[in-house]
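The structure under discussion is shown below.

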Amino acid sequence: MDRTTDANATTREAAASGPWDHPACEALIAELQVLRESMLEHEARLAPQLAAVDPAYRASAANLAHYLALRRYDLRRVQQRLAAIGLSSLGRAETHVLANLDQVLGILHRLVGHEGRLPVRPEPTGLSEGARLLARHTEALLGAAPAERSARIMVTLPGEAAHDDALVAALVAAGMDIARINCAHDDAAAWVAMAARVRHHARRCGRPVRVLMDLGGPKLRTGALRAGPAVVHLKPERDALGRVVQPARLGLRAAGDGAELPGAALTLAVERDWLETLDVGDRVELVDTRGRPRRLRVAERAAAGVLLECRRSLWLADTTDIRRAGDTHGARLQALPREPGALWLQRGTRLVLQPERDGHPADPGATPPAIGCTLPQALAQVRKGDRVWFDDGHLGGVVRRSGTRKVEVEITHARDGGQKLGADKGINLPDTELDLPALTAQDLADLPTVAAHADLVGLSFTQSAADVQALRAALAALPGPSPALMLKLETRRGFEALPEILLAAMAGPAAGVMIARGDLAVECGFERLAEVQEEILWACEAAHLPVVWATQVLEGLAKTGQPSRAEITDAAMAGRAECVMLNKGPHVVDAIRTLDDILRRMQAHQDKKRPLLRALKSWGAPAVAPQKRPRMVQVK
């Protein structure tokens, strides 16, 4: 029977028996009672971990234990039968699992006249208390919520925020509640300057803004590549019939000057003495990199140099000589920009991953193509058959040969015709059990600065309870109060260890979880991302821990000024988290205002969710079904 047929059969069964049918209610009581016993047994098994949490989180930790036990079973048929008689279907029980179950059991007992058989054990959290605990823990971590929206807005600061007061003031005024500083970029002096500017403008606006500093962590990235040739291409603009409507425009300035000529597509340098001989109307000649002669006209002269126009396309290099028509001597073009080095990869290409050698960038023209890996120790842990993803999943492959010094990857996922892979692009190894330290030597060196200037410290690539404990110990060794923790889930291993990570997080006074959706999509599969982020939201709500919904929220708007329809829907759904993160971009202030408006509107329409409770396979083996539970289907 498929799911629809099964649901219809259950509905007919409930309707036929009648909502107050004693046998039907007795059957539900028996099933829910066994479920209740399973929840209490799971709490008892976790007693050592629960005893280690901070007293402020004891009730939350017990509630999490109950929720994990609840979600080991497929309760969809039970939900339908409860809903058919007008009772809670347990679909919104995250913050108060045992209380919700006991409430349903109490009503069922009364319906069949079992007044003396109601549950007697006090629940750790009731309906109101669970919601209050989540709100209290959220405020302790993220600060007070602004008026008319409970979801806070976090913004990743660009490097300019270290010196651009106007930018920081605009971010604060637009509605930024938490400023995120990525310690994988810039340096300690810049981070301190960013934090100081955020606090200054927050005081001026009269609103609290907290500072999160993300430790860089053991990020796997592609190594440096030798820069490409200094070659540029200029071409005129043409209409639909191929007629030139705007000639190609090249600016020339004196070598040593940094001025750009207005109206020029590109400004290059030449020797000053030769440049000063040119007048408006002069013709200059060159032979481009393809060996094609080109003639240009001096259209304008200014203090900064001259503006040349050409009605044909031309390719220029740092070996190109230019001279006035009829002259035998001229000048050589200088200051041409170099294209960043990149590898061109196609499906079937064999790519060599090797340890990065400082000061020795890889050659993009090498055969076979090769690129460095910033964490060489990761290569020794890769095995044949493991998948490898590059650049946030835009390129992918499978390991065909593995070794301690290099790994050979066959590219299996790329655009038709191939695509580029550049330096400093992320590498994901979803099938590899990487044994890497949560805190790198650089993280430990950065930690004193972070602890002194941040309200929250972000632990990148959190993968286990031990990672959380290592960060707490490192912070405890520093003078002064420790900042709160933001645990970033970026790997499949971290997602699978979420319950133990949450219990470790609750050992201290304030912590939260960031769903790094970009890396998680690559690690767990794009098709699973929606499912994964929902499960994280539910588990964290059961633990009464706040969540940050991160990566690519309104990214098109922040970068280009124009959002997509899908982005708006995604931003609206993000309001189910306690905080939503925006990444930097030239239009990020507009993105903050748009997100603020969306969150305020949606707050009147949604509060978390009401799911169908199928069994989850992510966290531990399914429970063994007791014989007296005939209708609860467990996952095999």
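## Salt bridges and cysteines

Arginine 297 is partly exposed, its relative accessible area being 29%. The model is a predicted one. Glutamate 309, by contrast, is buried, at 17% relative accessible area. The side chains of arginine 297 and glutamate 309 form a salt bridge with an N to O distance of 3.4 Å. This pair links distant parts of the chain, with arginine 297 in strand E11 (residues 293-302) and glutamate 309 in strand E12 (residues 305-310), twelve residues apart.

The structure holds 43 salt bridges, including those in the table.

| Salt bridge | N to O distance |
|---|---|
| Arginine 297 and glutamate 309 | 3.4 Å |
| Arginine 197 and aspartate 165 | 3.4 Å |
| Glutamate 534 and arginine 576 | 2.7 Å |

Glutamate 534 belongs to helix H17 (residues 529-542), while arginine 576 is in the loop between helix H19 (565-574) and strand E28 (579-582), so the pair ties together parts 42 residues apart in sequence. Glutamate 534 is buried at 16% relative accessible area, and arginine 576 is buried at 7%. A network of salt bridges with shared partners joins Glu148, Arg149, Asp177, Arg207, Asp596 and Arg600.

Arginine 197 and aspartate 165 form a salt bridge. Arginine 197 lies in helix H9 (residues 188-205) and aspartate 165 in helix H8 (residues 165-174), 32 residues apart. Arginine 197 is partly exposed at 22% relative accessible area, as is aspartate 165 at 34%.

The count of disulfides is zero. Cysteine 205 is in no disulfide, the nearest cysteine sulfur being that of cysteine 579, 18 Å away. Cysteine 205 is partly exposed, with 39% relative accessible area, whereas cysteine 25 is buried, with 1%.

Key:
Residues are numbered from 1 along each chain as its sequence is written. This is a predicted model: local features need pLDDT of at least 70, side-chain atom pairs count only at pLDDT 80 or more; totals for chains, interfaces and linings use all residues. Side-chain values use heavy atoms; hydrogens and water are left out. A disulfide is a pair of cysteine sulfur atoms within 2.5 Å. Buried means under 20% relative accessible area, exposed over 50%, partly exposed in between (1.4 Å probe, protein chains only). A salt bridge is a side-chain nitrogen of Lys or Arg within 4 Å of a carboxyl oxygen of Asp or Glu. Helices (H or I, at least four residues) and strands (E, at least two) are DSSP runs, numbered from the N terminus.
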